[in-house]
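Here's a short tour for anyone opening this model for the first time. We'll start at a loop, then look at a core and a pocket.

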Amino acid sequence: MICSLNGLSLKRDYFLYIPYMLGGWSPTIASYIVLKKNGRVNNFKEWLKNVFDFNHGLKAYLLVVLLAVLYVLPQCIVSGYEKGEPIYIMFLAIPLMLLGGGLEEAGWRYILQPELEEKCHYLVATIIVALIWWLWHFPLFHISGVGQEGQNYLAFGFGVFGMSFALACVRKCTKSVGLCVLLHCLVNASGASFKINDTIVGNAVMAAVMIIITLPIVYTNKEKQC
């Protein structure tokens with residue numbers, strides 16, 4: 001952000017990628033440090049196993065797919081979109097999205113969401129995580145050369161709130177960090193095939209749909225695990 005104010009840009013000043021990537025990975029890095037320091041994991045291998053826990057039933061994966069569709073579809077209907085790459089490119093891009101947002105879940109949904117739920121109601125915890133997540137992204141809207149440059153920060157905020165409820169739902173119902181990582185990657189990768197117009201109304205409608213759909217799922221699965 002400071003660099004941009006001084007005329008520096010990721011498009012030509014490539015050394016900026018070092019602090020840029022470290023900032024993006026900060027929730028992931030903090031996750032391991034905090035969990036290791038507090039004895040929640042013994043080593044890096046155990047931490048990786050907990051983050052990439054994909055041994056779940058079909059119901060859990062269907063939940064991820066459903067929420068990914070509910071993220072994309074309302075925005076496409078309300079805001080409109082342009083066709084991007086073929087659908088198979090979207091699926092091929094999913095592993096790349098680990099470095100493009102997916103691994104953030106090692107911090108947000110592995111630690112922050114469940115820790116807050118121990119202190120306050122699920123709904124309040126999810127809203128707090130959404131607010132922190134939204135504010136955490138703020139500098140990206142003022143850095144020249146990044147994907148968020150020129151986008152509407154309020155529209156993005158509604159998008160974050162919708163995704164926060166989706167990811168909190170997956171974490172609550174499946175107890176899985178890995179499935180949260182998968183959903184985050186899937187949603188980010190969908191941008192390759194669906195070039196959605198960025199509007200406040202479209203994102204707000206998506207967020208409302210996500211809240212309306214996920215809350216009943218969570219409250220009817222309180223004692224169950226997918």
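Let's begin with Lys175, which sits in the loop between helix H9 (153-174) and H10. Keep in mind that this is a predicted model.

Now for the largest nonpolar core, which has 52 residues. Leu67, Tyr110, Cys169, Val170, Leu183 and Met210 are the ones that touch the most other members. Helices that give two or more residues to this core include H5, H9 and H10, and H9 gives the most, with 11 residues. Who does Leu183 touch, leaving aside residues up to four places away in sequence? Its contacts are Val64, Leu67, Ala68, Met163, Ala166, Leu167 and Val170.

Last stop: the second largest pocket, which holds about 210 Å³ of space. Helix H5 (58-79), helix H6 (87-93) and helix H10 (178-190) each give two or more residues to its lining, and H5 gives the most, with 6 residues. Among the lining residues are Val65, Cys76, Met90, Phe91, Leu186, Ser190 and Phe194.

| Class in the lining of the second largest pocket | Count |
|---|---|
| Nonpolar | 10 residues |
| Polar | 1 residue |
| Charged | no residues |

Definitions and conventions. Residues numbered from 1 in each chain as written. Predicted model: local features only at pLDDT ≥ 70, side-chain atom pairs only at ≥ 80, totals over all residues. Heavy atoms only, no water. 1 Å grid on protein atoms, 1.4 Å probe; cavity = no way out; pocket = protein on both sides within 12 Å on 5 of 7 lines; lining within 4 Å. Points joined across faces, edges and corners; volume = space filled by probe spheres on them. Helix = DSSP H or I, 4+ residues; strand = E, 2+ residues; numbered from the N terminus. Nonpolar A, V, L, I, M, F, W, Y, C, P; charged D, E, K, R; others polar. Core = buried A, V, L, I, M, F, W, Y, C linked by side-chain atoms within 4.5 Å. Buried < 20%, exposed > 50% of the residue type's maximum accessible area, 1.4 Å probe, protein only. Contact = heavy atoms within 4.5 Å.
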